[in-house]
Amino acid sequence: MIEILNPTLLTRARDSGALVGHILQTLKGRSTAGTNLLDIDRWAKEMIIDAGAQSCYVDYAPSFGRGPFGHYICTAVNDAVLHGRPYDYPLADGDLLTLDLAVSKGGVAADAAISFIVGDTQHPESIAMIDATERALAAGIAAAGPGARIGDLSHAIGTVLSEAGYPINTEFGGHGIGSTMHQDPHVPNTGRPGRGYKLRPGLLLALEPWVMADTAELVTDTDGWTLRSATGCRTAHTEHTIAITDDGAEILTVPK
């Protein structure tokens, strides 16, 4: 299903997006060496409930996961990159942490992710990888607008990631979003320009470049959810929800 939002729903999408952006930045500020992933999940739950919003994750049970996710945020550390299920783990100085959050408020969902280094120990290779995903996301957003096609966005994202030297996995990528978290169209992180669905004003897309340092192969953790790099290398993931407007793309998942 591909949804096109009317102006009323687009206003609600802005509220949902701003909430997601606020929660992620708040959690980033609280995530220090020694912080437990379960505490991050608890903080996310409290902020979602306090805002009168609903989690898109707790009861989520797609075919690629094992049963309901059961948590309020994805917390992926080091070699984990997607669908990181929080567990009893205190963060260490130098860990590469990705926080991925989707909430619904007023009947419209928004989805975003950030990657960052915990503590004072900064690994240049990890910083470069995070930077590549951020630049790829910016390129994808710049390519979005009425009349553009999904392939244009995918090509822009993939060009940045490939030029940075990272293998690209196409099993998971960006997606449409609206009354539900995951919708059509699928937005691969590489593609051919001029191909695919033509974008229209009112369409919401969650664009999410993610990479693994030296492989494109994923393995599933024993928790049935967390996806890790097959080689144990570090990973990074950056995501925004955008709205297609008459003038281009509006980023929704930034704090007000």
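Arg 228 is buried, with a relative accessible area of 18%. This value falls under the 20% cut-off for a buried residue. The model is predicted. In it, Arg 228 forms a salt bridge with Asp 79. The closest N and O atoms of this pair are 2.9 Å apart.

In total, six salt bridges are found in the structure. Side chains of opposite charge can pair when their charged atoms come close.

Asp 39 pairs with Arg 42 in a salt bridge, with the closest N and O atoms 3.2 Å apart. Helix α2 (residues 37-50) holds both Asp 39 and Arg 42. They are three residues apart, about one turn of the helix. Asp 39 is partly exposed, at 28% relative accessibility. Arg 42 is also partly exposed, at 39%.

Helix α3 (residues 124-142) contains Asp 131 and Arg 135. The side chains of Asp 131 and Arg 135 form a salt bridge, at 2.8 Å from N to O. Four residues, about one turn of the helix, separate the two in position. Asp 131 has a relative accessibility of 34% and counts as partly exposed. Arg 135, at 41%, counts as partly exposed too.

Methods: Residues numbered from 1 in each chain as written. Predicted model: local features only at pLDDT ≥ 70, side-chain atom pairs only at ≥ 80, totals over all residues. Heavy atoms only, no water. Salt bridge = Lys/Arg side-chain N within 4 Å of Asp/Glu carboxyl O. Buried < 20%, exposed > 50% of the residue type's maximum accessible area, 1.4 Å probe, protein only.
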